[in-house]
Amino acid sequence: YMKNTQNQKISQIKNETLVVGIDVAKETHYARAFDYRGIELAKLLKFSNTAEGFKLLDQWMQDICKQKGKTEIIAGFEPTGHYWFVLGDHLKRQGHKLAIVNPFHVNRTKELDDNSPSKNDSKDCKTIAMLVKDGRYREVYIPDDIYQELREAVAERERLQEQLTSIHNRVVRWLDIRFPEFQKIFKDWRRNAALITLRSFPTPEKIVEAGARKICETWKTEMKRPSFKRAEALVKVASNSIGRTSGRVASEASLQNLLAENDLYCQQYETLEQLMLELLMQVPNASKLLDIKGVGLTTAATFVGEVGDISRFQDPRQIQKLAGFNLVANSSGKHKGKTTISRRGRRRLRHSLFFAIIAILAHNPEFRSLHQRNLTRENNPLNKMQSIVALCGKLIRIFYALLNKGVDYDPEKMLSDIHQPMQQAA
């Protein structure tokens with residue numbers, strides 16, 4: 001991963017290197033083999049996405065290596081959805097180098113041979129191999145177990161969060177139609193009193209029928225100090241509700257299903273957060289990230305999972321580039337365009353760092369001081385978004401130091417760095 005210039009990548013493709021281009025699909029893959037000059041060394045191989053297919057590929061590559069005197073293999077492929085994961089794991093276990101090529105580059109390059117936009121598996125294999133030969137690839141980093149576990153856990157948390165957000169929106173829609181006044185009494189239906197009410201007295205009619213005293217008694221079963229005044233206010237708005245009344249039975253069933261789903265996902269979410277914490281604690285020095293005020297479990301777990309083993313990086317600017325926070329200029333001749341971040345790389349890592357800084361600015365005085373200085377300094381003051389991006393770079397450097405050197409987070413040192421110019425990603 002660290003050999004990131006094209007010259008360095010090209011220099012890795014030597015006379016003894018077998019370059020294999022693989023077109024990955026769901027059930028059937030295709031492979032072609034070339035030397036470092038682009039001369040094809042064997043016939044096209046068609047193999048299935050099964051253990052037998054993988055053995056066939058291994059044997060095919062070994063035979064070519066013996067016949068042509070090759071001692072190492074680099075396998076290139078497009079990252080087509082999730083289909084390459086299993087094959088990538090297999091090739092990694094065999095000790096081969098893995099290279100990912102950009103699908104956009106494959107589409108642009110495949111017309112060079114025959115000046116035709118036609119697409120077929122045989123043609124794609126060759127195009128992929130030629131891109132690898134020319135150093136137009138990035139090395140695949142398949143993380144070790146603990147980092148892969150964290151990645152999977154963070155992805156699952158995201159999925160659960162999406163489900164919970166969807167349920168929240170559907171309950172709000174239900175209330176807008178059936179009982180719009182409910183939200184005047186309860187700001188958030190997920191809070192204790194609101195949830196008990198929706199389970200026991202979901203419609204205005206049932207609230208009026210029960211009365212304030214019964215509602216208050218029902219709250220008391222799960223709350224220490226229920227408010228009788230609130231119960232009276234609820235009955236009052238319910239008696240004048242404009243909510244729709246037709247189709248009441250089915251709509252009530254729909255609401256109870258939504259609440260049951262919400263309970264299930266909340267429980268799964270809590271269990272998963274516990275798992276994320278247990279996994280994070282197994283990574284050396286990762287607990288130190290949580291000592292920074294404003295950095296929560298999700299931010300730390302996402303960073304560690306997405307970055308992987310910190311020792312593979314020589315400089316935190318490489319992590320900035322991985323996250324897509326490296327600066328790119330858009331200039332030509334006399335025209336000097338805006339400098340922006342590249343937004344290339346790991347989207348989840350970039351988003352996590354961005355939202356982490358928003359949370360940190362709300363709770364962390366030293367980061368707030370740095371943000372204020374960025375906005376008000378005499379030379380080249382930044383706007384708010386530029387400052388947040390710069391602070392993302394600062395957070396990456398702090399995380400890198402804590403994980404790599406095992407030092408503790410020091411707010412005083414953070415503030416002493418305030419007068420040093422912020423390094424930007426190369």
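Predicted model: local features only at pLDDT ≥ 70, side-chain atom pairs only at ≥ 80, totals over all residues.
**View 1. A patch of negative charge on the surface includes Glu149.** Patches are made of residues with over 30% relative accessible area and no salt bridge; like charges are joined within 9 Å, and nonpolar side chains (Val, Leu, Ile, Met, Phe, Trp, Tyr) within 5 Å. Asp and Glu count as negative, Lys and Arg as positive, while His and the chain ends are not counted. Each charge is placed at NZ of Lys, CZ of Arg, CG of Asp or CD of Glu. Glu149 is partly exposed because its relative accessibility is 44%; buried means under 20% relative accessible area, exposed over 50%, and partly exposed in between (1.4 Å probe, protein chains only). Helices (H or I, at least four residues) and strands (E, at least two) are DSSP runs, numbered from the N terminus.

**View 2. Glu261 and Arg170 form a salt bridge.** Their closest N and O atoms are 3.9 Å apart. This pair links distant parts of the chain, with Glu261 in helix 12 (residues 248–281) and Arg170 in helix 7, 91 residues apart. A salt bridge here is a side-chain nitrogen of Lys or Arg within 4 Å of a carboxyl oxygen of Asp or Glu; the structure holds 14 of them.

**View 3. Arg199 meets Asp263 in a salt bridge.** The closest N and O atoms of this pair are 2.8 Å apart. Here too, distant parts of the chain are linked: Arg199 sits in helix 9 (residues 192–200) and Asp263 in helix 12, 64 residues apart. Arg199 is partly exposed, at 37% relative accessible area, and Asp263 is partly exposed at 34%.

**View 4. Helix 14 (residues 316–323) is mostly covered.** Six of its eight residues are buried, namely Pro316, Gln318, Ile319, Gln320, Leu322 and Ala323. These buried residues pack against helix 13 (297–307), helix 15 (347–363) and helix 17 (384–405), where contact means heavy atoms within 4.5 Å.

Methods
Residues numbered from 1 in each chain as written. Heavy atoms only, no water. Areas by Shrake-Rupley, 256 points an atom, 1.4 Å probe, with all protein chains shown as cover.
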